[in-house]
Amino acid sequence: MSWAGKILRVNLTQGTCTVEALNRQWAQEYLGQRGLATKYLSEEIDHRVDPLSPENKMIMTTGPLTGTMASTSGRYSVVTKGPLTNCVACSNSGGFFGAEMDFAGWDMFIFEGKSPKPVYLSVMNDIVELLSAEEIWGTSVWHTDEWLHAKHQDPMVRVAAVGRAAEAGCLYAAIVNDQHRAAGRSGVGTVMASKNLKAVLVRGTKGIDNVKDPAKFMNAVNAGKKVLADNAVTGQGLPTYGTQVLMNVINEIGALPTRNMREVQFEGAQSVSGEAMHEKRASDGKPNLTSNAGCFGCTIACGRISTVDKGHFSVENKPDYWGSSGGLEYEAAWALGPDTGVDDLDALTYTNFLCNEDGFDPITFGGTLAAAIELFNMGALTTEQTDGRELNFGSAETLVWAVEALVKGEGFGKDLGLGSKRLCEKYGHPELSMTVKGQEFPAYDPRGIQGMGLAYATSNRGACHLRGYTVASEVLGIPEKTDPLETEGKAGLVKAFQDATAAVDSSGLCLFSTFAWSLEDIAPQVDGACEGDWTAERMLELGERVWNMERDFNMRAGLTAADDTLPKRLLKEAAKTGPALGCVNDLDKMLPEYYELRGWTSDGVPTESTRQRLGLS
Amino acid sequence: MVTVEFKLFATLMEYLPAGAQDHSVRVELSEGATIFDLMDKYRVPRTQAHLVVRNGIFVPPSQRKTYPLQDGDVIALWPPVAGG
């Protein structure tokens, strides 16, 4: 068992909620969460559907281990067709919302249609209702969370909501749960708002009572927790410095994209690093970092909780932002910092607060602002389009003004909500958008980390570090060190990371557990909890099946091998400093081998024998 | 003599001498000194230095006791860390 076995289908057009049994056969083939929900989506929608039309569907989904005693089991995902990319979108979030879904007895919520008026879904175990959200439409995630807690008079309810960015049509809006954990990428929040669905509120008191073999499961879970505790990365490194410790690492090795990826090292990296978050500020004697934090069931606790100096210009006379809140994590800090050239830690922290408060992806926001600044510098944008503001790299004032403009969704803030691809096309310079399949890069320059270039180019949801994090091997030596400037062997490395990641993302566990765990550690936990015999080999094959299914989804949506590429800047303009000096990303040396290893044609199409081997219809 | 820049990050920062700026200290060493010699000078436990980088390039453990430091080298060290 372990799966709750129940799906809630919510037809927002008709205002109905119906209960369905989980497809057990599909669960054996796709496990849960990313894999299983993508299977449902792919079976139920026209792949060419407009992502913001009522015909698109949106699925909130847990994995079979979500909410269990396994470490890092607080994950859920949102699966839909993404408006930023026109690809399959699967955004994964932590916090406590996912576990609460399982405690209430649900594997998935499938949303279809569009409500005539703003609503929210209330789930109290088996009691489900669509209730009016007209009073909270037009308000932030934080306000919505507070309002729903007050209305339902239960401090234990968990809320996932969209903010004003999603309502204003920002194409990279997020769904934020527990106030500062987000299903952040590809615009899943924009889809939710397009359905007039403001929030989902869940309270579950059933617990998890359907583990297949409780004794076997607990033994596997305990063994796994010991591995995490004994590992220096998951036991000490991540809790102490969080993901933000990478800022100086990636800068030192010359792969920190800077000022819209024009450079690969940032002179202000130390000022916005994980170490800097620990340092006492000169102004008030307090560090930026308040504490670390963990999601449900996590024994790593890598999350950051921070404060902004009350005297900082961004929060002056704004007491709402004087308290502690979530962030900065590395990817957000990079996008808001080095990519815009800003080295003001408090400005980055405040901007990140607003990304959480009103629900949008800080990676895409930072990348879009960086492109806008470059457009402004070259004269393609002027103050006529930017509401009279000059846009400058390195300006904390530019950053803070831009994020507030985006939240308001007016004037140039509307343009910033397009994402860099559409923004750069609108102003005549599509080459300045640092994206793959319409989604902005995260914080690793593929000129200095070659394998990441291939991982980005072939990612099924556009540029993303969480679809094949070869940084672990190429930079950090996990599980073994490879040369980041070498292309040989990277096709196999990328494929291995992509398949393993798809398996983990289908389980309910956090990808960060894999800094210590391999599938050999995860499979026994799945096997103890779920029907069927689950081995590491089966998990890896499942991951490959999920990857090919996502590929299939995108090709049916109209994408081709021509979309498996990188911006010209990364293929033609060499790195100017650091170990990668003179290097571009040599994607063409890796891509053909990657297609071959995948069992795809030279045009990137899964062959019939590959489809049969993986059981894809 | 060779002069190198020595950088320590994350939990290894505690081994920096007082007054070090930006995680960094300039160090003079005799010709032929190795990365392990440099670490020993500041009592950095060899087992804690997981990621060792010379001028931005990873130095495998086998070379840390043999590679002779060159004038102007920048050596940066981290304990086991990760992110994403």
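**Notes on the contacts in this model**

1. On the chain A side, the elements giving two or more residues are α8 (232-241) and α9 (246-252), and α8(A) has the largest share, with six residues. Helices (H or I, at least four residues) and strands (E, at least two) are DSSP runs, numbered from the N terminus.

2. A word on the source: this is a predicted model, in which local features need pLDDT of at least 70 and side-chain atom pairs count only at pLDDT 80 or more, while totals for chains, interfaces and linings use all residues. Residues are numbered from 1 along each chain as its sequence is written, chains are lettered from A and ligands numbered from 1 in the order in which they are written, and side-chain values use heavy atoms, with hydrogens and water left out.

3. Back to the two chains. The contact (heavy atoms within 4.5 Å) takes 27 residues from chain A and 22 residues from chain B. About 2000 Å² is buried between them, 67% of it given by carbon and sulfur atoms; buried area is the accessible area (1.4 Å probe) that two parts lose on being put together, summed over both. There is one salt bridge across this interface, where a salt bridge is a side-chain nitrogen of Lys or Arg within 4 Å of a carboxyl oxygen of Asp or Glu. Lys7(B) and Glu252(A) form a salt bridge, with their closest N and O atoms 3.2 Å apart.

4. Within chain A, the division is into domain 1 (6-203), domain 2 (242-439) and domain 3 (446-614), with bounds from an automatic or database domain assignment. The C-alpha centres of domain 1 and domain 3 of chain A are 26 Å apart, and each of these domains gives 37 residues to their contact. Together they bury about 3100 Å², with 59% of it on carbon and sulfur atoms. Leu31(A), Arg34(A) and Leu65(A) supply 25% of the area that domain 1 buries against domain 3, more than any other three residues.

5. Two salt bridges are counted between domain 1 and domain 3 of chain A, and Arg34(A) meets Glu550(A) in a salt bridge at 2.7 Å, N to O.

6. Two backbone spots in loops may interest you. The peptide bond from Ile478(A) to Pro479(A) is cis, with omega near -5°; Pro479(A) sits in the loop between α18 (471-474) and α19 (490-504) of chain A. A cis peptide bond also joins Gly327(A) and Leu328(A), with omega about -5°. For background, most residues other than glycine have a negative phi, and most peptide bonds are trans.

7. Finally, phi. Asn125(A) has a positive phi of about 55° although it is not a glycine, and this residue lies in the loop between β7 (119-124) and β8 (127-132) of chain A. Asn260(A), also not a glycine, has a positive phi near 60°.
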